[in-house]
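Dear colleague,

Please find below the structure that I am handing over to you. I would be grateful if you could look through it alongside the notes that come after it.

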Amino acid sequence: MTEPILDVRNLRVRFRSAGPGRSPTAGTDAVKGISFQVRPGQTLGIVGESGSGKSVTSLAVMGLIPNPPGEVTEGEIWYRADAASAPIDLLAINPQDLQQLRGAQLAMIFQEPMSSLNPVYTIGFQLLEAIVQHQPLRPAAARRRAVELLQEVRVLPEDNVLQYQIEQENPPLPPAKLDREVNRRKLAMLDRYPHELSGGQLQRVMIAMAISCNPRLLVADEPTTALDVTVQAAIIDLLRELRDRRGMGIIFITHDLGLIAEIADEVAVMYRGEIVESGSLWQIFTNPQHPYTKGLLTCRPQPDLRLKVLPTVADFMAVTESVTGELLIESVGGDVQQVLKALPVLSPAEAQTRNTALQAQTPLLSVQNLSVAFPIKGGFGQKPRYTMAVDQVSFDLFPGETLGLVGESGCGKTTLSRTLLRLIRPTQGKALFDGKDIFRLSSGGLRNLRREIQIIFQNPFSSLDPRIPIGDAILEPLLIFGKGDGQSSRDRVAYLMERVGLNPEWTKRFPHEFSGGQRQRVCIARALALNPKFIICDESVSALDVSVQAQVLNLLKELQAEFDLTYIFISHDLSVVNFMSDRIMVMNQGRIEEIDTSERIYRQPQQPYTQKLIASIPLGKLDDIRDRQQSRGYSVI
């Protein structure tokens with residue numbers, strides 16, 4: 001067996017707590033004595049929820065723990081440059097030597113590319129900076145290397161594809177002129193700024209920077225979070241290809257075991273700073289031992305089983321704390337299959353009966369030939385041009401129904417939802433809500449409409465004012481509409497907090513004192529304050545851990561039954577939409593590709609675009625895992 005590239009032994013990372021009256025040694029152990037190895041050409045998947053210590057582990061490997069307040073208090077991190085070299089303890093070498101290794105032999109892809117790239121510099125400048133930092137190349141050679149990297153990660157097409165594109169746009173060009181045009185287009189990509197690229201392209205640029213110096217070890221920290229499923233699938237394919245071609249070791253960090261199934265060879269499951277289970281991918285998926293692993297495996301909607309309620313981690317384990325502060329984990333509920341069998345299943349016949357009953361009603365919302373166009377800036381004297389963000393969209397939404405709205409970024413999902421809220425002016429069309437045209441309402445009528453229609457945004461932290469306690473944030477809609485005075489309004493806030501699973505005694509706490517899932521619950525409580533009929537959920541669970549996501553999805557279904565709510569549920573994740581929705585509407589480039597029941601869209605998609613979305617969902621099927629692991633020489637017994 002080959003020697004490991006990376007050998008982490010008993011790693012412990014502590015974040016100290018500063019403040020008056022606190023001991024200098026007081027703090028929290030974010031990583032508690034973990035050990036693992038990574039070998040050449042192997043991918044180690046580290047999986048766990050937010051706060052489990054995944055990212056802190058990766059930062060410790062890269063020597064990027066901020067000190068203060070963080071500090072590696074114990075352990076060793078041994079790195080081996082090649083088979084003939086002696087291993088180096090990355091915690092013991094001086095910062096200058098570590099700086100030389102970082103970027104050249106150890107590279108990292110961060111979770112959010114837009115915050116990792118400087119918006120005032122071109123992508124070419126930032127890519128060249130990474131190249132010349134560790135390679136003695138002249139400027140022209142460095143630019144050629146940058147272009148090669150962009151082609152390798154498929155931000156730029158290959159030369160023959162560029163030549164074909166140019167020949168389609170122009171009359172036949174002489175070979176010399178064609179070559180010059182190809183080079184011009186390649187170099188023009190280097191002059192683009194981060195805001196001019198899509199999320200998938202930015203992530204590919206980050207990968208190009210990370211592999212620019214042929215690293216031996218690549219750390220990918222949630223590299224596909226919030227990307228479309230098709231872009232996510234392309235990034236995973238790209239990382240697999242680069243790993244196999246270059247023989248790199250990869251640490252792939254995520255909270256999604258379905259995604260881990262697509263790329264990992266070995267898996268380490270982290271919970272509250274500890275590795276609670278580790279083993280081969282096949283072992284983890286076929287015979288999980290720890291209740292937390294079982295919970296993570298089943299929290300996502302099941303591809304072949306449409307449940308009425310999603311299982312959560314609480315169905316598999318109970319966590320208590322001893323008098324000494326030690327966590328005590330007790331297994332409950334049995335194995336995965338026992339828990340799944342105990343949950344109610346939505347049969348196709350039940351779903352059909354529900355859809356028939358819903359569509360027998362008068363539509364709550366009827367959208368007719370809705371279009372939204374945005375102007376494109378042109379030169380002086382040119383005729384104005386427009387891009388159609390929403391193009392001739394028509395559909396009906398029935399009381400008590402959940403309509404799933406899916407599609408890739410830029411397809412028009414969010415523009416459509418904000419137009420229905422009168423936050424964007426339509427170019428043409430009608431939207432009848434309770435028989436009244438939303439776009440023709442007076443200011444008074446629009447004010448009344450705001451009571452009936454609410455929205456839950458994707459990012460709960462940016463949706464809440466950090467200076468306002470959450471109790472006041474939930475109360476605010478009642479105050480705006482003159483219903484916020486007296487004990488009844490405070491009782492209403494307490495009831496809503498309790499209903500969404502929050503302690504009513506937390507009303508004076510601020511948003512930063514809550515987890516991401518708890519903040520999203522605050523946003524849901526605020527949306528419910530005025531008893532609306534219709535709520536738009538705009539990517540409201542895409543940034544949440546899979547276990548927290550399951551809790552929020554179950555909550556949304558419970559609230560729909562209790563308050564007779566109607567939802568438009570927007571997401572790029574079709575498995576989540578299938579669980580939530582009665583019908584699904586697929587959008588592409590501003591138009592409706594198809595609209596049908598969830599069962600038919602998910603099982604029998606008619607349009608090639610929908611088929612591509614479905615095929616891109618990481619399902620974690622055992623047959624696929626077996627085939628992939630056997631092809632890589634791993635045992636699946």
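This is a predicted model: local features need pLDDT of at least 70, side-chain atom pairs count only at pLDDT 80 or more; totals for chains, interfaces and linings use all residues.

The structure holds three cavities of 30 Å³ or more. The largest cavity contains about 310 Å³ of space. Its lining is made up of 26 residues, and those nearest the centre are Gln232, Asp256, Arg300, Ser542 and Asp573. By class, this lining comprises 13 nonpolar, nine polar and four charged residues. At least two lining residues come from each of helix H9 (229-246), strand E8 (249-254) and helix H21 (546-563). Strand E8 provides the largest share, with three residues.

The second largest cavity holds about 40 Å³ of space. Among the residues that line this second cavity are Pro301, Gln302, Leu305 and Arg306, together with Ser575, Asn578 and Phe579. Its lining has five nonpolar, three polar and one charged residues.

The second largest pocket

The volume of the second largest pocket is about 700 Å³. It is lined by 28 residues, of which Leu297, Gln302, Val336, Gln337 and Gly620 are the closest to its centre. Helices H10 (257-263), H11 (281-286), H12 (291-299) and H13 (336-341) each contribute at least two residues to the pocket lining. Helix H13 gives the most, with four residues. In terms of class, the pocket lining has 15 nonpolar, eight polar and five charged residues.

Nonpolar cores

In soluble globular proteins, nonpolar side chains tend to be buried together. The largest nonpolar core in this model has 112 residues, and the members that touch the most others are Leu150, Ile207, Phe252, Val267, Ile524, Leu556 and Phe569. Leaving aside residues up to four places away in sequence, Ile524 touches Ile456, Val500, Val552, Leu555, Leu556 and Leu559. A second, separate core has 30 residues, including Val8, Val38, Met108 and Met270.

A strand hairpin

Which strand pairs with strand E21 (residues 583-588)? The partner is strand E22 (residues 591-597), and the two run in the antiparallel sense over six bridges. Within this pairing, Ile584 has Asp596 in E22 as its bridge partner. E21 and E22 form a hairpin with two residues between them. In the turn, Gln589 has a positive phi of about 55°.

With kind regards

Definitions and conventions: Residues are numbered from 1 along each chain as its sequence is written. Side-chain values use heavy atoms; hydrogens and water are left out. On a 1 Å grid over the protein atoms alone, a cavity is a set of points where a 1.4 Å probe fits but cannot get out, and a pocket is an open set with protein on both sides within 12 Å along at least five of seven lines; lining residues have an atom within 4 Å of a point. Grid points are joined across faces, edges and corners, and a volume is the space filled by probe spheres set on the points. Ala, Val, Leu, Ile, Met, Phe, Trp, Tyr, Cys and Pro count as nonpolar, Asp, Glu, Lys and Arg as charged, and the others, Gly among them, as polar. A nonpolar core is a set of buried Ala, Val, Leu, Ile, Met, Phe, Trp, Tyr and Cys residues joined through side-chain atoms within 4.5 Å. Buried means under 20% relative accessible area, exposed over 50%, partly exposed in between (1.4 Å probe, protein chains only). Contact means heavy atoms within 4.5 Å. Two strands pair if DSSP finds at least two bridges between them.
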